Amino acid sequence: MSGPLLLSVESSCDETGIALVEGGRRIVSNVVASQVALHAPSGGIVPEVAARAHLRWIVPVLDEAWDGAGVGWRDVDGIAVTYGPGLAGSLLVGINFAKALAWVHDKPLIAVNHLEGHVYAGWLLDPGEDESSRQEPLFPMVALVVSGGHTFLAEMQDHLTYRLLGTTVDDAAGEAFDKVGRMLGLGYPGGPAIQAAAERAVRRDVRFPRAWMGDSYDWSFSGLKTAARRIVAAARADEGLPDDDPDARLSDEATAELAWGFQDSVVDVLATKTARAAREIGARSILLGGGVAANAALRQRMAAEADALGSPLIVPRPGLCTDNGAMIGAAGARRLLAGERAALDLDARPSLPLAKR
Amino acid sequence: MSADLKPEMILAIDTATTRVVVALGTGEGSVARSTSWEAGYRHGETLLPAIERILGQEGVARSVLAGIVVGTGPGAFTGLRVGLATAKGLAHGLGIPLVGLSTAEALLSADGAPGAVLLLPAGPSDRILVRPGEEPSLLRGGIEPELRDGESLVAVDLVDRAPPDALTRGEAARAGLGAALLRSGVPRLSSALTQGTVGLAALVPEYITLPRGARAGSGTVAWSRDLR
Ligand SMILES: [Zn+2]
């Protein structure tokens with residue numbers, strides 16, 4: 001593999017990630033400190049706690065990324081950093097740390113959009129992984145990125161060019177997983193817990209509503225959330241459980257069926273619209289990214305849709321779907337090769353969009 | 001300072017208040033150049049360009065910096081994150097020690113008067129009171145500080161929320177903040193060097209009130225060296 005070697009820094013939400021990536025594809029080293037356990041007691045991310053944890057862990061994560069990487073600063077061609085979207089305080093830690101490193105080591109600084117990072121995770125190869133064994137994304141392409149903070153569908157005719165096809169008009173899909181996970185007493189984060197519960201479902205006949213939003217590629221999950229509250233309350237009443245006692249939990253059987261029904265609804269609207277968009281633009285590949293792309297049901301359904309269309313589905317392995325530094329290095333390499341450089345006054349852009357419609 | 005620090009230029013940074021302070025000092029702790037500017041909440045855009053400019057003006061190459069002193073607050077979250085993240089990146093990149101000092105203690109030391117107590121903002125309505133060597137105390141909105149005999153107020157970032165004479169003293173103290181950080185930071189840098197403890201990781205901002213939603217000692221982070 002050839003191409004620039006980037007050190008990349010990601011701190012937009014609750015993972016501190018630093019990676020070394022070669023040529024925008026090959027992972028040399030990828031270290032992530034996740035704060036999930038830190039935020040679990042409050043059932044969601046506490047921005048100020050997140051920023052402080054980034055400050056606490058960013059140096060150890062950098063040291064760990066270098067450890068055993070077999071390369072040094074002299075080999076590095078640039079430093080890529082996420083500058084948005086995300087939590088302002090969290091972004092600031094990574095940005096200012098990266099700027100200081102770029103200045104001290106006299107390396108170009110590259111500002112990367114976090115959402116673009118999720119897309120470019122589709123190009124990553126693990127150390128030692130055979131390049132020919134992994135399909136490279138082909139243009140034109142549709143990319144679906146689904147996470148706790150974002151849900152969008154974009155068309156890519158070429159590298160770094162995006163046309164936004166659809167997005168959520170209210171909650172992100174991952175947020176819906178968190179909220180329904182909490183309703184079912186499954187804890188935080190909701191995504192993995194709901195997937196695990198859904199896998200134990202037997203009857204698989206609970207029907208949650210789907211908001212199709214007409215012909216648009218947009219999604220809405222707030223109605224689903226309201227419906228979930230009603231369906232969970234009805235199931236609790238069936239089992240004679242009091243409304244107001246969270247310790248009185250639904251039976252495992254009912255929890256599994258409800259988790260399955262909810263997950264099936266989310267997967268259905270995401271996959272159906274993505275497949276329709278792929279058909280409409282004649283996509284030669286379909287790319288899936290973001291934390292919710294780690295969901296096995298979504299991966300299976302998208303694989304079936306892609307199969308029917310005859311276009312390859314590209315999904316990073318679960319560890320590269322959730323936030324990490326390597327994906328920022330993958331996108332950053334493209335931006336570096338396109339001649340982009342960020343200045344030392346780079347600041348956080350908490351609501352940076354990926355693209356306009 | 002000991003002969004360990006050559007050629008003995010020390011950088012001091014403080015971003016805990018609305019004015020960013022950057023000072024360049026000698027290994028003896030005296031100030032070579034100090035500057036400050038109103039940053040509001042945009043510390044991140046201006047800090048590193050200013051450091052670059054100041055080193056340029058003094059003809060100091062970044063590679064000759066021998067240590068960094070950074071103010072750890074208490075103060076505004078936004079500014080503190082920028083200052084600490086920048087200081088950690090610089091210290092790590094240059095392989096030099098970094099020490100964190102209380103911004104409040106440094107401001108009191110800059111004021112220098114016996115009995116001085118510091119009043120700082122804590123959000124839009126609360127304030128905090130800092131006595132030298134004591135735990136800061138939080139004053140909820142509208143609560144006036146009870147001063148002990150011989151005490152007098154120094155106030156920073158509290159226009160219209162503190163007496164005018166306290167604010168005047170606050171401005172003067174802040175003008176001396178760079179010098180105060182260098183004065184107390186340089187001996188600490190020397191001992192950090194001799195003990196071989198750089199302590200880059202552990203340095204986090206000082207908060208008087210725990211951020212909303214935080215619980216003391218709640219959880220930790222999980223590591224993954226994400227290689228299959
Ligand atoms: Zn993300």
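Hi everyone, and thanks for coming. Please keep in mind throughout that we are looking at a prediction. I'll begin with each chain as a whole, and then we'll visit a few residues.

Let's start with chain A. How compact is chain A for a protein of its length? Its radius of gyration is 21 Å, and the globule rule gives 21 Å for 357 residues, so chain A is as compact as a globular protein of that length. If you follow the C-alpha trace along its principal axes, it spans about 65 × 45 × 35 Å.

What about the inside of chain A? Of its 357 residues, 61% count as buried. Now take the contacts in chain A with a separation of 6 or more: residues 24 or more positions apart account for 73% of them.

Over to chain B. Chain B has 228 residues, and 50% of them count as buried. For contacts in chain B with a separation of 6 or more, 63% come from residues 24 or more positions apart. The accessible surface of chain B is about 9800 Å², with 53% belonging to carbon and sulfur atoms.

Now for some individual residues, and I've picked several aspartates. If you have the structure open, do follow along.

Our opening stop is Asp171(A). You'll find Asp171(A) in the loop that runs between strand 8 (161-167) and helix 5 (173-183) of chain A. Is Asp171(A) buried or exposed? With a relative accessible area of 10%, it falls under the 20% limit and therefore counts as buried. Leaving aside residues up to four places away in sequence, Asp171(A) touches Lys179(A), Phe221(A), Ser222(A) and Lys225(A). With one of these, Lys179(A), there is a side-chain to side-chain polar contact at 3.4 Å.

Staying in chain A, look at Asp126(A), in the loop between helix 4 (114-120) and strand 6 (141-146). Asp126(A) is buried, because its relative accessibility is 4% and the limit is 20%. Which side chain does the side chain of Asp126(A) meet in a polar contact? That partner is Arg317(A), at 2.7 Å.

In chain B, Asp149(B) sits in the loop between strand 8 (137-139) and strand 9 (152-155). Its relative accessibility is 83%, over the 50% mark, so Asp149(B) counts as exposed. Asp149(B) and Gly115(B) are 34 residues apart in sequence, while their C-alpha atoms are 8.4 Å apart in space.

Let me finish with some backbone details. As background, most peptide bonds are trans, and most residues other than glycine have a negative phi.

Where do we see cis peptide bonds? In chain A, one joins Tyr188(A) and Pro189(A), with omega about -5 degrees. Pro189(A) is in the loop between helix 5 and helix 6 (190-198). In chain B, the bond from Gly73(B) to Pro74(B) is cis, with omega near 5 degrees. Pro74(B) belongs to the loop between strand 4 (65-71) and helix 2 (77-94).

And positive phi values? Asp157(B) is not a glycine, and yet its phi is positive, at about 55 degrees. This residue lies in the loop between strand 9 and helix 4 (164-175) of chain B. Asp160(B) is also placed between strand 9 and helix 4, and its phi is positive too, near 70 degrees. How exposed is Asp157(B)? Its 24% relative accessibility lies between the 20% and 50% limits, so Asp157(B) is partly exposed. For Asp160(B) the relative accessible area is 76%, which is over 50% and therefore counts as exposed.

Terms used:
Residues are numbered from 1 along each chain as its sequence is written. Chains are lettered from A and ligands numbered from 1 in the order in which they are written. This is a predicted model: local features need pLDDT of at least 70, side-chain atom pairs count only at pLDDT 80 or more; totals for chains, interfaces and linings use all residues. Side-chain values use heavy atoms; hydrogens and water are left out. The radius of gyration is taken over C-alpha atoms; the globule rule is 2.2 Å times the number of residues to the power 0.38. Buried means under 20% relative accessible area, exposed over 50%, partly exposed in between (1.4 Å probe, protein chains only). Contact means heavy atoms within 4.5 Å. Helices (H or I, at least four residues) and strands (E, at least two) are DSSP runs, numbered from the N terminus. A polar contact is a pair of N or O atoms within 3.5 Å; within protein, one must be able to donate a hydrogen and the other to accept it, and residues adjacent in sequence count only if both atoms are side-chain atoms. Accessible areas come from the Shrake-Rupley method with a 1.4 Å probe; for residues, only the protein chains shown count as cover.
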